[in-house]
Structures are given as C-alpha cells and as structure tokens.
Amino acid sequence: MMTWDLFKQYFNTWENLTAKYMEEWMKSPLVLEPAGAWLSGAMKAKAQADKTIAGAWGVFGLPTKRDQERSLHALNQIQSRLLDLEEQIAALKADKT
Amino acid sequence: MLDRLVALAQRFSRPMPAVGQTPAREAHRENKWRLLHYVARPEGRAFRAPIVLIPSLINRHYVLDLMPGKSFVEWLVARGHDVYCIDWGTPTDEDRFLTFDDITDKYIGRALRVACRESGAPKAHVLGYCLGGTLAAIHAAVRPEHVGTLTLLATPVGFHDGGMLSRWTRTRSFDVRAVVDGLGNVPWQLMQSAFHMLRPTMTLSKATTMLDKAWDDEFLDGFFALETWGNDNVSFPGACYERYISELYRDDALVKGTFTLSGEPARLENLTCPLLAVTFEHDAIVPWQSAAVVMELARSTDKHRLHLTGGHVGAVVSKKAASGLWPAIATFWEDRDEACAARG
C-alpha cells in the first residue's frame with residue numbers, strides 16, 4: 001500500500017508539471033501554425049481528389065456522391081417545411097375553434 | 001500493483017453499466033434528431049412549465065441521464081418536473097449542408113413548441129449544456145416566445161479566451177472551408193483529438209485513477225459510464241461547423257453583437273428572461289471566463305451566476321452535483337414556475 005501511495009504521489013506531481021508544460025507548448029504558434037497548415041493542406045488535397053473522381057464519374061452521366069447528398073438534404077428540408085405547414089394548419093384550426 | 005490489476009480485470013469481465021436508462025418516449029422526430037419526453041413519476045407532475053434540455057451537438061444527450069442514481073433527468077423527474085431532452089442523433093453524409101440556422105432556429109424552435117403544446121404551458125425552462133447552451137442563448141435572443149427561463153451550463157459565449165482551441169482556430173494556417181470541403185461533416189475523432197490535446201496526460205491520469213479505485217465498484221461504474229459517453233460522440237454537420245468556427249471562434253460575433261440567426265440580429269443584450277449561468281472553476285474545455293461573459297451582455301434583470309469547483313463534465317454528473325448543482329438549478333426553475341406557466 002505504501003509503495004502505491006508513494007507512486008501516486010510522484011505520479012500526480014509529474015502529471016501536473018507535464019500537463020502544464022505541454023498545455024503551454026500546445027498553445028504555442030510554433031505548434032499551432034504547422035498543425036493548421038498540415039490539416040488544411042491535407043483537406044485541400046482530399047477535396048481535389050474527390051472532385052477529380054466525381055468528374056470522372058460524371059463523364060458517364062451518373063450522379064456523384066455529392067449529388068446524392070444534395071438530394072437527400074433537399075428531402076430533409078422538404079420534411080421540415082411540411083412539418084412547418086402542419087403546425088400552421090393546426091394553429092389556424094385552433095384559432096377557428 | 002498486481003492485485004490492483006487483477007481486481008480491475010475482474011471488473012472488466014462484468015458488463016459495463018447501462019447508460020440513459022430513464023424511461024422516455026419520442027415526442028417528435030425530424031431528420032436525425034428527436035425530442036425525448038421522460039415518463040412522469042407515478043404521482044404526477046408537481047410543476048407546470050416543462051423543462052427542455054439542449055445538449056451539445058457533438059455529444060450524446062445521455063450525459064444528462066448517465067445512469068440510475070447519477071442522472072440529472074431521473075432526479076428531476078422524481079422531483080415532479082416534466083422533462084424533455086433533445087437527442088441530436090447521428091448526422092450522415094447529406095447533413096454536411098445542415099446550417100447553423102437549421103439547427104438553432106428551426107430544430108430548437110420546433111422542440112420548444114412541441115414541449116409547450118404537449119404540456120399546456122406557454123413557455124418552457126430551457127437548459128443548454130456546453131455548445132447546446134450557445135445554441136439555446138442565440139435562439140432565446142431572437143425567438144423568446146417559448147423561453148420562460150434560460151439556464152446556461154458551462155456554455156461558451158466569449159470565444160477569444162486564450163485557450164488552445166481558440167488560438168488554433170484563429171491561426172492563419174487553419175482553413176475551416178478546406179476542412180469542411182474535404183470532410184463534409186467534421187468527424188468526432190478530429191474534435192476528440194483536439195480535446196485530448198487540451199490535457200495530453202489525461203489518459204495516463206485516468207488509468208492511474210482506475211488502478212487507485214480498483215476495488216471501488218460504485219466509483220468504477222460511474223467512471224465506465226462516463227467513459228462510454230466520452231467515447232460515443234457524433235460528427236459536426238459541415239456547414240454548421242464552418243459558421244461556428246468562422247463567426248463564433250474567429251470573429252467572437254456573440255460578444256461583438258454581430259451574429260445573426262436566419263438573417264435577424266442575434267444580440268445577447270436581447271435576453272430579458274430570467275437567466276442562470278453556471279460556470280466551473282476547473283473547466284478546461286469552456287474556461288469560466290468564456291461562460292461568464294453572458295452575465296455582462298444579457299439585459300435580464302433577474303440574472304444569476306453560479307460558480308462551482310470542478311470540471312466541464314465531472315461537476316455535472318458527480319455525487320456532489322446531486323447535492324449542490326442539481327438542487328440549485330431546480331430551485332431556480334421552481335421559484336419561477338408559476339410566472340413561466342402563466343405568461344402569455
């Protein structure tokens with residue numbers, strides 16, 4: 001038990017110091033700028049690759065993944081508008097009665 | 001050490017605690033989200049105005065209904081409240097086009113109308129947790145019709161707080177449009193790794209705590225339930241994320257008063273309903289300074305700030321919360337229940 005307590009005491013001290021140091025380090029522009037650049041660069045490359053694949057797919061006149069996403073989103077928007085209308089009709093009926 | 005490992009291994013051989021167990025029915029469903037209505041206690045409701053809980057978009061709703069005995073929802077229902085909670089569900093690829101206005105205006109508006117219609121009260125007590133609070137505050141500032149009181153639990157309002165996330169999203173090299181173009185919905189793994197970077201030693205610290213409490217079954221059940229929740233996140237709808245980062249994080253538009261909802265100005269000075277802002281001293285995800293700003297901005301005459309020790313999640317689900325935080329929030333609602341239910 002004593003050994004564990006001692007270990008925990010040392011661990012807590014180490015953890016607090018390390019976390020504090022790493023938090024400061026992580027906030028540094030020296031870390032954040034390259035991390036942002038790497039992420040943005042990788043995402044631009046992925047978007048370009050997706051666009052190229054979609055372009056090739058489109059040559060055959062087939063809908064792309066983005067086309068399907070747009071259609072499904074439009075259906076969801078229509079569902080919301082129908083619900084809006086149902087609410088308005090219910091409110092009008094309630095007003096009449 | 002070995003005996004601790006053996007005790008932990010034995011605990012792992014048993015099933016993990018079940019989460020989100022308070023009985024509920026689905027009051028409304030639209031796209032991926034649904035509004036849950038918790039079943040009232042057998043002796044019925046003691047209060048008139050319903051409570052609508054709005055969790056963060058990227059976390060599961062059941063943090064507020066973690067497990068029997070550690071559930072804010074269960075505790076509220078037992079006290080006689082009529083409780084609703086939004087479950088945002090899991091966005092799929094087409095939800096990359098879902099906008100901030102869709103979620104904050106349309107969806108939250110519908111949830112409040114359904115709760116008010118079903119309960120028969122004109123207004124509801126609205127509680128938003130974390131990002132859910134930001135959405136709730138914006139909604140209440142523009143569409144106050146069904147908001148009786150507003151409770152903001154660890155809610156970011158000022159985004160220029162000097163924290164790592166705030167600084168990272170404001171670096172010149174971070175291109176939010178490229179991220180959304182490349183990924184569509186922003187995967188929860190990306191956001192989770194950003195949260196891990198807030199305290200990189202957290203995983204080791206958790207492992208040590210687990211070993212330390214290897215024989216404490218009650219503690220371990222709560223710990224595993226929280227870990228289940230912490231690793232069960234959802235992706236952020238792309239178009240909504242882009243606006244969240246560019247206008248809230250980068251421009252600090254809520255503090256500056258330049259944010260809009262469906263084309264209408266969303267100024268927090270328009271908040272006039274009773275307001276309770278809860279901030280936590282050791283919150284690494286939403287620094288208390290970021291959450292406390294609403295007190296200066298809101299014009300409510302009945303506004304209160306509750307500042308407690310503890311972190312972003314622990315302080316909301318811990319044993320201590322059941323005797324401190326939860327009664328404080330419930331009392332705030334109960335004292336204003338009649339006024340809230342009567343206002344037209």
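This is a predicted model: local features need pLDDT of at least 70, side-chain atom pairs count only at pLDDT 80 or more; totals for chains, interfaces and linings use all residues.

**Cavities, pocket and interface**

Me: How many charged residues are in the lining of the second largest cavity?
Reply: The residues that line this cavity are Ile58(B), Trp188(B), Met191(B), Gln192(B), Phe195(B), Asn233(B) and Val234(B). By class they divide into 5 nonpolar and 2 polar, and the number of charged residues is therefore none under the rule that counts Asp, Glu, Lys and Arg as charged.

Me: What is the volume of the largest cavity?
Reply: The search counts 3 cavities of 30 Å³ or more. The largest cavity is lined by 14 residues, and Lys32(B), Trp88(B), Pro91(B), Leu98(B) and Pro237(B) are those nearest its centre. Its lining has 8 nonpolar, 4 polar and 2 charged residues. The volume of the largest cavity is about 110 Å³.

Me: Which element gives the largest share of the lining of the second largest pocket?
Reply: The second largest pocket holds about 510 Å³ of space. Two or more residues of its lining come from each of helix H2 (29–59) and helix H3 (65–96) of chain A, and from H6 of chain B. The largest share is 7 residues, and the element that gives it is H2(A).

Me: Which residues lie nearest the centre of the second largest pocket?
Reply: The lining of this pocket divides into 7 nonpolar, 6 polar and 9 charged residues. Of the 22 residues in the lining, those nearest the centre are Asp50(A), Lys65(A), Arg66(A), Glu69(A) and Arg96(B).

Me: What is the area buried between chain B and chain A?
Reply: The contact takes 46 residues from chain B and 39 residues from chain A. The size of an interface is often given as the accessible area lost when the parts come together. Carbon and sulfur atoms give 59% of the buried area between chain B and chain A, which is about 3700 Å².

Me: How many charged residues are on the side of chain B that touches chain A?
Reply: Across the interface of chain B and chain A there are 18 residue pairs in polar contact. On the chain B side, the elements that give two or more residues are strand E1 (24–30), helix H3 (100–119), helix H5 (164–169), helix H6 (176–183), helix H7 (188–198) and helix H8 (202–212). By class, this side has 17 nonpolar and 10 polar residues, and its charged residues number 19.

Me: With which residue does Asp93(B) form a salt bridge?
Reply: The interface of chain B and chain A has 8 salt bridges. In the one formed by Asp93(B), the closest N and O atoms are 3.0 Å apart, and the partner is Lys65(A).

Me: How many residues apart in sequence are the parts that Arg25(B) and Glu118(B) tie together?
Reply: Over all chains, the whole structure has 34 salt bridges. One of them joins Arg25(B) to Glu118(B), with the closest N and O atoms 2.5 Å apart. Arg25(B) lies in strand E1 of chain B and Glu118(B) in helix H3 of chain B, so the pair ties together parts whose separation in sequence is 93 residues.

Note on methods
Residues are numbered from 1 along each chain as its sequence is written. Chains are lettered from A and ligands numbered from 1 in the order in which they are written. Side-chain values use heavy atoms; hydrogens and water are left out. Contact means heavy atoms within 4.5 Å. Buried area is the accessible area (1.4 Å probe) that two parts lose on being put together, summed over both. A salt bridge is a side-chain nitrogen of Lys or Arg within 4 Å of a carboxyl oxygen of Asp or Glu. A polar contact is a pair of N or O atoms within 3.5 Å; within protein, one must be able to donate a hydrogen and the other to accept it, and residues adjacent in sequence count only if both atoms are side-chain atoms. Helices (H or I, at least four residues) and strands (E, at least two) are DSSP runs, numbered from the N terminus. On a 1 Å grid over the protein atoms alone, a cavity is a set of points where a 1.4 Å probe fits but cannot get out, and a pocket is an open set with protein on both sides within 12 Å along at least five of seven lines; lining residues have an atom within 4 Å of a point. Grid points are joined across faces, edges and corners, and a volume is the space filled by probe spheres set on the points.
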